[in-house]
Amino acid sequence: SLKSLHTLVNQFKMDTGRYPTEEEGLGALLEQPTDVTNWPAGGYLDTTDIPKDGWDHDFIYELNPTNGKPFLIKSLGADGQDGGEGYDADLLSTDAN
């Protein structure tokens with residue numbers, strides 16, 4: 001889901017000319033922001049809810065994160081806390097597979 005959401009945010013940018021704001025977050029993939037045109041009918045997801053990570057936690061969307069990328073989507077791992085190791089480690093959409 002992490003990589004799929006990353007791809008969909010890039011598609012949103014290609015279609016609309018901008019990334020979702022942090023306030024809109026991943027919800028912009030489900031509901032059309034009022035200032036956006038070229039948004040596909042039905043949105044970007046085949047569901048009515050934003051998927052959760054493998055531990056049933058919400059993904060975190062960050063615009064202009066400190067890693068130099070335009071955005072990232074983060075899973076906080078099994079413990080749902082920043083940082084951690086092993087299963088508790090954060091997963092980022094910008095990480096290599």
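Trainee: How far apart are the mean positions of the positive and negative charges of the protein chain?

Mentor: The mean positions of the 6 positive and 18 negative charges are 8 Å apart. Lys and Arg count as positive and Asp and Glu as negative, while His and the chain ends are not counted. Each charge is placed at NZ of Lys, CZ of Arg, CG of Asp or CD of Glu. Please note that this is a predicted model, in which local features need pLDDT of at least 70 and side-chain atom pairs pLDDT 80 or more, whereas totals for chains, interfaces and linings use all residues. Residues are numbered from 1 along each chain as its sequence is written, and side-chain values use heavy atoms, with hydrogens and water left out.

Trainee: How many salt bridges does the count come to?

Mentor: Five, where a salt bridge is a side-chain nitrogen of Lys or Arg within 4 Å of a carboxyl oxygen of Asp or Glu.

Trainee: Which residue forms a salt bridge with D58?

Mentor: K52 does, with the closest N and O atoms 2.5 Å apart. D58 is exposed at 51% relative accessibility, and K52 is partly exposed at 38%. Here buried means under 20% relative accessible area, exposed over 50% and partly exposed in between, using a 1.4 Å probe and protein chains only.

Trainee: And K74, is it buried or exposed?

Mentor: K74 is buried, with a relative accessible area of 12%. Its side chain meets that of D82 in a salt bridge of 3.3 Å, N to O, and D82 is exposed at 59%. Elsewhere, salt bridges that share partners join R18, E24 and D35 into one network.

Trainee: Where does S75 lie?

Mentor: S75 lies in strand β2, residues 71-75, and counts as buried at 1% relative accessibility. Leaving aside residues up to four places away in sequence, S75 touches L2, D53, W55, F59, A89, D90 and L91; a contact means heavy atoms within 4.5 Å.

Trainee: What share of the 97 residues is buried?

Mentor: Buried residues make up 34% of the chain.

Terms used: Helix = DSSP H or I, 4+ residues; strand = E, 2+ residues; numbered from the N terminus.
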